[in-house]
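This briefing sets out the fold, the sheet and selected backbone features of one protein. Please read it alongside the sequence and the coordinates.

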Amino acid sequence: MIYVFLAEGFEETEAIAPIDMLRRAGKDVITVGIKHDDIRSSHDVPVLCDMTDMQVQLDEQLEMIVLPGGMPGTLNLEENQVVQAALSYCAEKNIPIGAICAAPSILGKAGLLKGREAICFPGFEKYLVGAKISDSKVVTDGNITTAAGAGVAIEFGLRLVEILCGKDKAQSLRAAIQSD
């Protein structure tokens with residue numbers, strides 16, 4: 001199971017594109033609303049989540065967590081204790097973590113990017129504490145994948161598919177959606 005955490009003010013493209021790619025790949029993706037299940041994006045798009053943060057279970061079924069960016073969504077994710085617990089759990093168990101746009105700043109502040117290559121939305125690099133800033137738009141280093149922003153959300157989603165399902169599945173999806 002994959003948790004995609006959504007907080008008030010999230011960037012919709014950075015959430016929906018990876019959800020779509022992962023579900024097309026046959027993965028069990030669960031959207032998690034922070035504090036409640038009806039969340040509004042940074043552009044006032046309402047999304048009804050599958051569950052709330054109070055229902056999250058961190059156990060052997062967890063395959064990945066994904067953090068979309070957006071403001072103030074990133075700040076709302078960062079302040080949430082369940083998100084922080086999920087990050088710690090994934091780091092401890094070497095479970096993949098995906099973060100895009102401003103959300104990699106959450107990983108940096110948590111000390112998860114030290115010695116790793118990472119990317120984020122321009123202007124947030126100072127929060128990627130200890131990271132080597134990448135020139136790539138999507139970068140995976142160990143169990144952490146980061147991406148620059150909404151313009152690469154599909155590529156980010158395809159990378160997450162590749163991590164969980166392999167290159168062939170990601171290439172198949174790329175062809176099916178006419179990307180490339």
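**Backbone geometry, sheet and overall form**

Lys-35 is placed in the loop that runs between strand S2 (29-33) and strand S3 (38-40). The model is predicted.

- Most residues other than glycine have a negative phi, and most peptide bonds are trans.
- Lys-35 is not a glycine, yet its phi is positive, at about 80°.
- Lys-35 counts as exposed because its relative accessible area is 71%, where the cut-off for exposed is over 50%.
- Cys-101, likewise a residue other than glycine, has a positive phi near 70°.
- The loop that holds Cys-101 lies between strand S7 (97-100) and helix H4 (104-109).
- Cys-101 has a relative accessibility of 10% and therefore counts as buried, the limit for buried being under 20%.
- The peptide bond between Met-71 and Pro-72 is cis, with omega about 5°.
- Pro-72 belongs to the loop between strand S6 (64-67) and helix H2 (73-78).

**The seven-stranded sheet**

- An open sheet is formed by seven strands in the order S5-S2-S1-S6-S7-S11-S10, and its pairing is mixed.
- Strand S5 (51-52) and S10 are the edge strands; each has a single partner strand, so one side of each has no neighbour in the sheet.
- Strands of a sheet pair through backbone hydrogen bonds, in either a parallel or an antiparallel manner.
- Strand S10 (residues 138-141) and strand S11 (residues 144-147) run antiparallel and are joined by four bridges.
- Thr-140 has Thr-145 in S11 as its bridge partner, and Asp-141 has Ile-144 of S11 as its bridge partner.
- S10 and S11 form a hairpin with two residues between them, and Gly-142 in the turn has a positive phi of about 70°.

- Ile-119 is situated in the loop between strand S8 (117-118) and strand S9 (132-133).
- Ile-119 is classed as buried because its relative accessible area is 9%, against a limit of under 20%.
- Beyond its neighbours within four places in sequence, Ile-119 is in contact with residues including Pro-104, Leu-128, Ile-133 and Val-139.
- Further contacts of Ile-119 include Ser-134, Ser-136, Lys-137, Thr-146, Ala-147 and Ala-148.
- Ala-148 is 29 residues from Ile-119 along the chain, and the two C-alpha atoms are separated by 5.7 Å.

- The C-alpha trace spans about 35 × 35 × 35 Å along the principal axes.
- Of the 180 residues in the protein, 52% are buried.
- Among contacts with a separation of 6 or more, 63% are between residues 24 or more positions apart.
- The protein has an accessible surface of about 8100 Å², and carbon and sulfur atoms contribute 48% of that surface.

Terms used:
Residues are numbered from 1 along each chain as its sequence is written. This is a predicted model: local features need pLDDT of at least 70, side-chain atom pairs count only at pLDDT 80 or more; totals for chains, interfaces and linings use all residues. Side-chain values use heavy atoms; hydrogens and water are left out. Buried means under 20% relative accessible area, exposed over 50%, partly exposed in between (1.4 Å probe, protein chains only). Contact means heavy atoms within 4.5 Å. Accessible areas come from the Shrake-Rupley method with a 1.4 Å probe; for residues, only the protein chains shown count as cover. Two strands pair if DSSP finds at least two bridges between them.
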